[in-house]
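User: Hi! Could you walk me through this one?
Analyst: Happy to, here it is.
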Amino acid sequence: MNSTEPYPVDTERPDAPIIRDVPHLGGRAAVYLLALVHAHNARVRVAPTLQGTHAVLSALTMFGLIRLDPQLQSGSHAVVGEKVAWIYTWPRIPFNELEGFLDEYLRGEGRLEMYSATWLALWQELIPQEVTAYLQHQLRIHHFGDHFLAELASVLVPNESRYSLGHWRYACWAAVRSMASVSLQYPGNTEILRFTLASELPRRLKLAQGALEGKLCFSPSYSLPDSALTTVISTIATNLGDKFWISPPAIELL
C-alpha cells in the first residue's frame, strides 16, 4: 500500500474519532497535519526538535489521520531526521489534495479571532523547541557536546513571553562564543563551561531586551532551515511573518 493513498471512504478507524472534513479537524490538528504534509513534500524537519516531532506524530495518530510504521514497510514514508515512518489513514481527502485544502482553511477560517488563543499557545510551545535547536546548532559548530543543553532548563520557563526568538538566538550565539573563549583558557574544564553557559544566557537575554529595536536580535539563518511547523504557524495559520522572530509572543499580534 502506498502511504499517501487513504483507506476506502466507507472504512473508519475503530480506534479514532470520525472526522468528516478539514474544518472538523480543528486548528491544532490542521496545523499539525499540514506541517507533516509540508515536511514530506519539502523534505524538511517536521518540528524544530525530535521531541516536538514526536508530539506532532502522536497527536495525528490519536486523531486517526496517520499511523506509525515501526517496521518501515515498503510504501511508508520516513520522517526527515527520524527513524520513524508514517502512513496516511484519513479516508476523507486524497493525500495529493490535502495540502491545498489545509492551506486554504488555515489562511481563511484559521485567521479568525477565535483561533488566536490556539496560535498563541503554539507560538509559545515552539519557543523552547526553537531555542533548543538553535543552541544545539551553535554548540555543535564549536564542537561542544549536546549535554550542555541541560543548562537551558533553568532559563526557559513555560509559556515564555518575555523575549523574542531573535533575542534568544543572539543570547545562544553569544553564550556559546563565551564558552569557546573560556575553553581556550581552561581546556577540558566542563564545570566552568557549564557555569559560563548558565550565567551568560540570562545576562545576554537582558542585554538583548534592553537594546535598541533591531539590535541584538538575530533573524533566521539559512544554516538552520525552518521546520515545517514553524513555517505553518508563522506564515499560513497567521500572518506573523518576521514578527514571529522579532517579537515576544502576544495575542495582540495575532
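User: Of the contacts between residues at least 6 apart in sequence, what share joins residues at least 24 apart?
Analyst: In the protein that share is 75%, where contact means heavy atoms within 4.5 Å. Keep in mind that this is a predicted model, where local features need pLDDT of at least 70, side-chain atom pairs count only at pLDDT 80 or more, and totals for chains, interfaces and linings use all residues. Residues are numbered from 1 along each chain as its sequence is written, and side-chain values use heavy atoms, with hydrogens and water left out.
User: Nice. How many helices and strands are there?
Analyst: The protein has eight helices and three strands, in the order α-α-β-β-β-α-α-α-α-α-α along the sequence. Helices (H or I, at least four residues) and strands (E, at least two) are DSSP runs, numbered from the N terminus.
User: And how much is buried?
Analyst: Buried residues account for 47% of the 254 residues. Buried means under 20% relative accessible area, exposed over 50%, and partly exposed in between (1.4 Å probe, protein chains only).
User: Switching to backbone: what is phi of His143?
Analyst: Phi of His143 is near 65°, a positive value in a residue other than glycine. Most residues other than glycine have a negative phi.
User: Where is His143, and is it buried or exposed?
Analyst: His143 lies in the loop between helix H4 (116-141) and helix H5 (165-185), and it is exposed, with a relative accessible area of 74%.
User: What about Leu216?
Analyst: Leu216 also is not a glycine and has a positive phi, of about 50°. Leu216 sits in the loop between helix H6 (190-210) and helix H7 (228-236) and is partly exposed, at 30% relative accessible area.
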